[in-house]
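Hi,

Here is the structure I promised to pass on to you. Have a look at it first, and then read my notes below.

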Amino acid sequence: MITFTTDFGATEHYVGVMKGVIYSIHPAAQVADITNGVQSFDLLDGALAISQAYSYFPRNTVHVVVVDPGVGGSRRPILATVGDHLFVAPDNGVLSLVYEREERVSVRHITAEHYFHHPVSNTFHGRDIFAPVAAHLSKGVEVDKFGDEIVDFVRFLTPKPKASGAGSWKAVVLKTDKFGNLMTSITPNDIPELFALPTPAFKITVGKTEVTQLHSSYVHGAPGEVFVVLGSAGFLEISANRSSAARLAGADKGTEVSVVLT
Amino acid sequence: MITFTTDFGATEHYVGVMKGVIYSIHPAAQVADITNGVQSFDLLDGALAISQAYSYFPRNTVHVVVVDPGVGGSRRPILATVGDHLFVAPDNGVLSLVYEREERVSVRHITAEHYFHHPVSNTFHGRDIFAPVAAHLSKGVEVDKFGDEIVDFVRFLTPKPKASGAGSWKAVVLKTDKFGNLMTSITPNDIPELFALPTPAFKITVGKTEVTQLHSSYVHGAPGEVFVVLGSAGFLEISANRSSAARLAGADKGTEVSVVLT
Amino acid sequence: MITFTTDFGATEHYVGVMKGVIYSIHPAAQVADITNGVQSFDLLDGALAISQAYSYFPRNTVHVVVVDPGVGGSRRPILATVGDHLFVAPDNGVLSLVYEREERVSVRHITAEHYFHHPVSNTFHGRDIFAPVAAHLSKGVEVDKFGDEIVDFVRFLTPKPKASGAGSWKAVVLKTDKFGNLMTSITPNDIPELFALPTPAFKITVGKTEVTQLHSSYVHGAPGEVFVVLGSAGFLEISANRSSAARLAGADKGTEVSVVLT
């Protein structure tokens, strides 16, 4: 099994080419898209997508993650064994949130050029390096055949909420999804007080909106109400019932989220 | 065979997660997208998509249909056997146009929680209920294992044209497709006079445009002309040749369509 | 193996229906999307997508290419054997750039109606002709069973750069990709002087921008700089590092590109 998480979009041939390369090497490969709609050049968006999806696939799945603004530069191509899954990706931090979730992390610098598609271009390593390496992995080639282990691989920290006073925090919107839900950087681990039962009184300010209600699901919101919900990925989401919270709140990725227990 | 019809879009991990859940339960499953681009929260749009596509798939295909604004509320998850096909969906009417097309309809309330993905979230039953149930169905688990039959399942009626006088009707645009074709609520069953041969003189008013020509295909339209055509799904479409009728007519989903035989 | 290159988009049921038709005829078919996001009615955009992708797939892959504004008119459905690949498409030139790349080109007019899906509509030959023919081909039906060879098939010429004086040329932007790269009509064959080593001094004017730098990859561009790069498809691209050259230059498909060696 091979999955794709890329920012190549659906309007060009890029993803199709990568699949062609894979099927040419391994005709029986099973390929599934996680998403090819990562925002262009956006490592955090790619990191969120792959970290929220990979663990639902079978053990030994090979995940191809290509958000690669540094292609053709000095960044290394890597093969990571993380928990029971394999990842091929550029070494630019796009796997950071995957590393965070597992104890067993082993990363190799892919150097075995005989597995590449030649000639190797300077602008499309998805086609020339990541797809063929994934295909050979899915055929059973051992990970140590692709290159040596490294320890200085790139990882970045997810933005975490910061205390800004007694019972108050500053957080941020990590992404807006297709429905207009604003996924914040807040998890129950970060601000356990907020998720205590019974739910405390609170005020969350985001964009031009103040939120004071935590609901268990979208459907419990009143028409036009902006509220918060603990989303399926484990992050606090600012949401609306059958409507876009992003539009109602005038907020988007990067907007500050202020939390006060009142 | 399992198909997907959802409003989850292509820019997040949601559809990928559902596929991961399926392959983890049934590694040999064959999965095909009908569309994941249903308009957010739009039951009619979802109902149109699945009703126009399911019958082209092989018998016993399992169709996963998730347009689910009521997730986490009181709406039931259902398993419907309709004609030779199986459907898993929320009981919110999204299968209404499928029920309309078949004589044999049997609907069950899915209650067998041991087939679910645990813990079951309040916001993503696509992952936690519909995908795993579909996977088990595709492995051959019998439908009666998932819950008891119900008769009070939700169905809504498609908007139908209404007579508004002798030889005149009011209808509506059901959806605008990617090409700008305006699919109306009019079928040959609703207004047989309009489709008689020879074609009668008529005037159809939609948005700011009056249409007086019925063509057999898009290619017969003159540049800039807005005309009607009997579309491949059996509905009358307001169209233009290599251009967007929606833009030319200033019309979209919900716009009134007035028909007069002249 | 069957691939799809269409302008049907991801928001309707059209592509799903075609896959259903294929699986109903050939349940074990392997289907991959190259892209269904070709710009509506745009033959050049479709021709670029298929020509840049097909050769990466295994020999004997059947490529379904449906950009078909003339559906229901007099244009013929064709089956082309080009090099080691098979193509089913409307005879409107959408395969022109594929024909250009191979020596062995044999084109047949598809007339064997018993392979079609009946009744054949006037508006959706993707469902009624191209998908079922592809499915039967993938099952091993011989190409000569589908119709007789023709020699007057449609092909158009790609726009090529034209000399506009000593050391100067006029070219054009062929397409803008998802990242905002402007793919021009210039290849190393057309203007070898520009790609000579050492790189000559040059000035390329596009939209409101003048470009004087050729980089080997996107990553070598300075913030806000617009430069050129030889793209993975063999065309000169006007690009920016982690930014949209289309936006920075105010240019898009069809914009003139002027090249002067200085």
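Let me start with a single side chain: B:Lys170 counts as partly exposed, because its relative accessibility is 36%. Keep in mind that this is a predicted model.

So what does B:Lys170 pair with? Its partner is B:Glu256, and the closest N and O atoms of this salt bridge are 3.6 Å apart. B:Glu256 sits in strand E16 (residues 256-261) of chain B and B:Lys170 in strand E9 (residues 168-176) of chain B, so the pair ties together parts that are 86 residues apart in sequence. B:Glu256 is partly exposed too, at a relative accessible area of 47%.

In case you wonder about the background, side chains of opposite charge can pair when their charged atoms come close. Over all chains, the count comes to 38 salt bridges.

Two others to look up are in chain C. C:Asp68 and C:Arg75 meet in a salt bridge, 2.7 Å from N to O. Are these two buried or exposed? C:Asp68 counts as buried because its relative accessibility, 11%, is under the 20% cut-off, and C:Arg75 is buried as well, at 14%. Then there is C:Asp91 with C:Arg76, where the closest N and O atoms are 2.9 Å apart. C:Asp91 lies in the loop between strand E5 (85-90) and helix H3 (96-101) of chain C, while C:Arg76 lies in the loop between strand E3 (62-66) and strand E4 (77-82) of that chain, so this pair ties together parts 15 residues apart in sequence. Both C:Asp91 and C:Arg76 are buried.

Now for the place where chains C and A meet. Here, 31 residues of chain C are in contact with 33 residues of chain A. About 2500 Å² is buried between them, and carbon and sulfur atoms give 56% of that area. On the chain C side, C:Tyr56, C:Lys178 and C:Phe179 lose the most area to chain A, together 28% of what that side buries.

How many salt bridges cross this interface? The rule finds one: C:Lys175 with A:Glu12, with the closest N and O atoms 3.5 Å apart. E2(C) gives the largest share of the chain C side, four residues. By class, that side has 13 nonpolar, 13 polar and five charged residues.

Next, the inside. The largest nonpolar core has 56 residues, and A:Phe87, A:Leu95, B:Ile2, B:Val64 and B:Val88 touch the most other members. Helix H1 (residues 14-25) of chain B gives the most to this core, with eight residues. If you click on B:Val64, you'll find that the residues it touches include B:Ile2, B:Phe4, B:Met18 and B:Phe130.

A:Asp42 caps its N-terminal end, with a side-chain oxygen 3.2 Å from the backbone nitrogen of A:Leu44. In chain B, helix H2 (residues 43-53) is mostly covered, with 11 of its 11 residues buried. At the start of H2(B), a side-chain oxygen of B:Asp42 reaches to within 3.2 Å of the backbone nitrogen of B:Leu44.

Cheers

Methods: Residues are numbered from 1 along each chain as its sequence is written. Chains are lettered from A and ligands numbered from 1 in the order in which they are written. This is a predicted model: local features need pLDDT of at least 70, side-chain atom pairs count only at pLDDT 80 or more; totals for chains, interfaces and linings use all residues. Side-chain values use heavy atoms; hydrogens and water are left out. Contact means heavy atoms within 4.5 Å. Buried area is the accessible area (1.4 Å probe) that two parts lose on being put together, summed over both. A salt bridge is a side-chain nitrogen of Lys or Arg within 4 Å of a carboxyl oxygen of Asp or Glu. Helices (H or I, at least four residues) and strands (E, at least two) are DSSP runs, numbered from the N terminus. Ala, Val, Leu, Ile, Met, Phe, Trp, Tyr, Cys and Pro count as nonpolar, Asp, Glu, Lys and Arg as charged, and the others, Gly among them, as polar. A nonpolar core is a set of buried Ala, Val, Leu, Ile, Met, Phe, Trp, Tyr and Cys residues joined through side-chain atoms within 4.5 Å. Buried means under 20% relative accessible area, exposed over 50%, partly exposed in between (1.4 Å probe, protein chains only). A polar contact is a pair of N or O atoms within 3.5 Å; within protein, one must be able to donate a hydrogen and the other to accept it, and residues adjacent in sequence count only if both atoms are side-chain atoms. Lists of a residue's contacts leave out its neighbours within four places in sequence.
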